[in-house]
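Please look over the sequence and the model shown here before reading on.

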Amino acid sequence: MKDTIQYNIPNAYIRISNYLKKYIDENTIIVCIGTDKFIGDCLGPLVGTYLKEQKCPLPIYGTIESPIHALNIHKELKKIDNLHPNSNSNILGVDASLGHGESIGTICIRNEPIYPGRGVGKVLPKVGRTSIVGIIDDSEDSTFFSNKSIRLHFVMEMAKVIASSIMYSITIDKR
């Protein structure tokens with residue numbers, strides 16, 4: 001199952017939350033993938049940072065300060081497994097992605113893992129049972145990581161919507 005929502009529609013975070021609430025519980029661990037070295041890949045770490053700033057009660061891994069990216073993902077996932085040996089842990093992966101030009105700005109919520117780096121030809125371990133992916137650029141552009149046309153403000157706004165969605169879905173049944 002997959003749901004897609006344009007990040008800038010009114011109350012996008014509520015629509016995303018209504019989908020996420022089925023998948024987020026007290027055993028959820030949020031793993032945000034990406035790096036702050038490239039604007040196009042900082043969506044995940046921004047989401048992790050915003051969630052920590054909002055005092056998210058769930059474990060958060062991958063922030064601007066401590067990103068999880070291609071060079072450390074194996075080590076970080078092993079550390080997360082060691083810190084949360086409970087086999088019931090439900091990992092929610094968050095990452096930026098490439099897509100078709102008309103899908104830029106879309107947030108995709110899926111009940112399947114993220115495959116980090118696949119869009120740029122990397123083979124990395126899958127992350128999560130459920131995932132949130134923000135489409136930040138066109139897959140036709142082979143210069144994804146060096147593309148100067150991706151605006152930081154765009155990525156930050158999308159990250160705020162995703163973080164708000166997660167926070168709202170945690171509290172939605174408690175209201």
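A residue is called buried when its relative accessible area is under 20%, exposed when it is over 50%, and partly exposed in between, with a 1.4 Å probe and protein chains only. The model is predicted, so local features need pLDDT of at least 70 and side-chain atom pairs count only at pLDDT 80 or more, while totals for chains, interfaces and linings use all residues. Residues are numbered from 1 along each chain as its sequence is written, and side-chain values use heavy atoms, with hydrogens and water left out.

**Sheet and packed helices**

- Helices (H or I, at least four residues) and strands (E, at least two) are taken as DSSP runs and numbered from the N terminus, and two strands are said to pair if DSSP finds at least two bridges between them.
- Six strands make up an open sheet with mixed pairing, and their order across the sheet is β1-β5-β6-β4-β2-β3.
- The edges are taken by β1 (2-6) and β3 (60-61), each of which has a single partner strand, so one side of each is left without a neighbour in the sheet.
- Strands β4 (residues 90-99) and β6 (residues 130-138) run parallel and are joined by eight bridges, and G93 stands opposite S131 in β6.
- Helix α1 (residues 12-20) packs on the sheet, where it touches β1, β4, β5 (106-110) and β6, and its direction makes about 170 degrees with that of β1.
- Helix α2 (residues 43-53) also packs on the sheet, touching β2 (28-32), β3, β4 and β6, with its direction at about 135 degrees to that of β2.
- For these helices, contact means heavy atoms within 4.5 Å, and the axes are lines fitted to C-alpha atoms, for helices over the stretch in contact, with angles that run from 0 to 180 degrees between N-to-C directions.

**Aromatic pairs**

- Rings of Phe, Tyr and Trp (its six-membered ring) count as a pair if their centres lie within 6.5 Å, and planes under 30 degrees apart are stacked, those over 60 edge-to-face and the rest tilted.
- By this rule there are three aromatic pairs, and one of them is the edge-to-face pair of Y7 and F154, with 5.4 Å centre to centre and 75 degrees between the planes.
- That pair links distant parts of the chain, since Y7 sits in the loop between β1 and α1 and F154 sits in helix α4 (residues 152-171), 147 residues apart.
- Y7 counts as buried at 17% relative accessibility, and F154 is buried as well, with a relative accessible area of 15%.
- The ring centres of Y13 and Y168 are 5.5 Å apart and their planes stand at 85 degrees, so this pair is edge-to-face.
- Because Y13 lies in helix α1 and Y168 in helix α4, the pair ties together parts that are 155 residues apart in sequence, and Y13 counts as partly exposed at 30% relative accessibility.

**Salt bridges**

- Side chains of opposite charge can pair when their charged atoms come close.
- A salt bridge here is a side-chain nitrogen of Lys or Arg within 4 Å of a carboxyl oxygen of Asp or Glu, and a search of the whole structure finds four of them.
- K75 forms a salt bridge with E76, their closest N and O atoms being 4.0 Å apart; K75 counts as exposed at 57% relative accessibility, whereas E76 counts as buried at 11%.
- E76 also meets K79 in a salt bridge of 3.4 Å, N to O, and because these two are three residues apart in helix α3 (residues 73-83), they are separated by about one helical turn.
- K79 is partly exposed, with a relative accessible area of 41%.
- The side chains of E112 and R110 meet in a salt bridge of 4.0 Å, N to O, in which E112 counts as partly exposed at 36% relative accessibility and R110 as buried at 18%.
- Through salt bridges that share partners, K75, E76 and K79 are joined into one network.

- T49 is found in helix α2 and counts as buried at 18% relative accessibility.
- Leaving aside neighbours within four places in sequence, T49 is in contact with T63 and I64.
- L20 has its place in helix α1 and counts as buried at 0% relative accessibility.
- With neighbours within four places in sequence left aside, L20 is in contact with L92, I109, I132, S165, I166 and S169.
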